[in-house]
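Hello,

Here is the structure I promised to hand over. My notes follow below it.

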2 protein chains.
Amino acid sequence: MTVNNFDYYNPTKILFGKDLYGRLPEEIKSHTQQTKVLVCYGGGSIKLNGVYDRLMASLKDFEIHEFSGIEANPEYTTLMKAVEIIRLHQIDFVLAVGGGSVIDGVKFIVAAAKYDGDPWEVLQRKPGCVFEEAIGFGAILTLPATGSEMNSGAVISRSETKEKRTMGGPMCFPKFSVLDPKVVASLPQKQIANGITDAFMHTLEQYLTYPTWNLLQERIAEGILQTLIETAPEVMKNPSDEKWAANLMWCATMALNGTLRAGVAYDWSTHMIAHELTALHGIDHARTLAIIGPNLFRIKLSNKREKLNQYGQRVWGLQDDCAEEAINKTIQFFHDLSIPTRLQDYVNNYEGTAEEIVKRFEQRGWENMGERQDLRLEEVEQIVKNSY
Amino acid sequence: MTVNNFDYYNPTKILFGKDLYGRLPEEIKSHTQQTKVLVCYGGGSIKLNGVYDRLMASLKDFEIHEFSGIEANPEYTTLMKAVEIIRLHQIDFVLAVGGGSVIDGVKFIVAAAKYDGDPWEVLQRKPGCVFEEAIGFGAILTLPATGSEMNSGAVISRSETKEKRTMGGPMCFPKFSVLDPKVVASLPQKQIANGITDAFMHTLEQYLTYPTWNLLQERIAEGILQTLIETAPEVMKNPSDEKWAANLMWCATMALNGTLRAGVAYDWSTHMIAHELTALHGIDHARTLAIIGPNLFRIKLSNKREKLNQYGQRVWGLQDDCAEEAINKTIQFFHDLSIPTRLQDYVNNYEGTAEEIVKRFEQRGWENMGERQDLRLEEVEQIVKNSY
């Protein structure tokens, strides 16, 4: 075990709670000289849950441009249309109103707007490509899940090639994010369950690795997991109870804002495999994590045994050598959220998925993933097959 | 219990770990057009522990001005001399090299340098005065304790009037802070014990109040306390063991960087009373917290019972109704660090201290302090008398 160096930097200002839209004009004005704002959103749920109307009322002194239709798994060709609007109207502030897909999409939009040439080239270079420049943006979160509202990373899809690529950079942090727990009340049960699962798996990817000497980061990860376990049944039962909605929302943000990652060993290979299930079969991101995660933990049990035991003991109250029981508890947690954990529960045409994913990883030169850089492609294939 | 709105904003970049001084030139250059830097430090321990030499080697391309002699409980008249140097040489970046006193002092220096008129006037207005402007500064932390390296607050003293005043503002965050656990090895045992006590009491002030629905913030507070309890005996025994030094350092930073405070009820009346013990008797800040804290918890037991029970159960592994036992555990924790918890252990002339503190609070109009705004001056007097 070692003490690892780390950087921690997160300049996003969080406005958490109720009735905060009145502060938007001041927040926006502190980041732009203009009064033009491009408001980006998704399929229009913000027009049903009151967010759109409250937002427009608060921004009545601004020249508002709108871009709607950012899809789940935001699509390169869609996003490039927003880039054109920014260039045409010389806009220099964007507001992302939505969940992780809209916020991720806007991170790409604000970076691509400053990039000469085809921004897809940047994404093709390697996972986690960094853009050097971006125009400023803020976020109004409508779905607690991905943590995108307080980090600088994004995942962008290109459907013609069935690819998902990650990007980021210090310029891609939201300047501010408004987190209002009230939005949870208007979400379908399925999306709340997805959000809980997403936050839970984000935490596990940064925790179920090998022990380092970052004892506080481990305690915080355990605190997020414990809070999610306590919150999950309550927020599912009564999503309009703001106290549980608030806990889900803050856990999801804290799970991926850099706090947990500081100095620890992290994995992320569940995400890398799971992204392909979304790309190939269109399964919700959170659900692909629930499908792959437990199978990956089992295949890499000897790598992760110490932390799985600690997880079982501290988070689930199990005894001694409880690694496998802890994995079963995790699966049961997903099932209690009505999240199936087998690929056959989602699609019929799952045969060949494992081989296809391995082929893609090979093409991109992705190998030796995971916290010990020892997850081989044969193991990836086995994990996916075990998930059928 | 309610869900409270909160803002969270902390733009300080943390560089944590070993051998990071080589990155200083780049970090400084990203915040100033000049190559002038005012390096501020304390009594000169940085010349004995190697920090000064390593720092100067890394800054060889800069025009360095120096200001030494910032004392524990940094003094207004001392700090104003640094302000004069900044104005004389038109310096626009400062490096604070030291512990909480030096970093606090530099926060005042960088704000006062931009303030026309007598900055003491600002501090006189009310506790926690906000300066609107400041020049940029970074910090090299040499003593884990106060958390000043990752927040925007400071405490400034004026010995002629035996006063301590708090200040802050969003412009007073360090642009970056370098946290190298190696520095712990060169500290006297007494300073390590003070640092642990300071971080522990910062956490308790934001935790031992009344329950809110901020469940994750409570878990993180408990995680810091547990990590400090685990770390304390080890780092005292072997301060050159970097893994324990690193845990102490990160706990102290996280205890006061805004994470714990988000939405919870906080107290801070132990600090308000304890500051007066330092002002009147010159006792180290951390030690005054250990003197006052437990006595305040006892006087306000009925206010704090639910959280004291939770603290006893989750942090100390006690059973059921354990509020008083949890306070005793806290006192024992300080004693194990060789921190006495009675005023008579430090000074002989303690008679009259309680009345003097009450008089000062009256003069400033400070009353009804604490998380429920119900700590009366009679109770303050009793707390101080119980601490004799």
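The largest nonpolar core has 240 residues. Such a core is a set of buried Ala, Val, Leu, Ile, Met, Phe, Trp, Tyr and Cys residues joined through C-beta atoms within 7 Å. Buried means that 20 or more other C-beta atoms lie within 10 Å of the residue's own, with C-beta atoms placed from the backbone. A:Cys40 and B:Cys40 have the most contacts inside this core. Leaving out residues up to four places away in sequence, A:Cys40 touches A:Phe67, A:Ile70 and A:Ala82, among others. Contact means C-beta atoms, placed from the backbone, within 7 Å.

This is a predicted model: local features need pLDDT of at least 70, side-chain atom pairs count only at pLDDT 80 or more, and totals for chains, interfaces and linings use all residues. Residues are numbered from 1 along each chain as its sequence is written, and chains are lettered from A and ligands numbered from 1 in the order in which they are written.

Next, the chains. 34 residues of chain A are in contact with 34 residues of chain B. On the chain A side, strand E1 (6-16), helix H8 (215-237) and helix H9 (242-254) each give two or more residues. Helices (H or I, at least four residues) and strands (E, at least two) are DSSP runs, numbered from the N terminus. E1(A) pairs with strand E1 (residues 6-16) of chain B, antiparallel, over seven bridges; pairing takes at least two DSSP bridges. There, A:Leu15 stands opposite B:Asp7.

Last, the domains. Chain A divides into domain 1 (13-182) and domain 2 (187-386), with bounds from an automatic or database domain assignment. Their centres, over C-alpha atoms, are 26 Å apart.

Best wishes

Definitions and conventions:
A residue is buried if 20 or more other C-beta atoms lie within 10 Å of its own, exposed if 12 or fewer, and partly exposed in between; C-beta atoms are placed from the backbone. Two residues are in contact if their C-beta atoms, placed from the backbone, lie within 7 Å.
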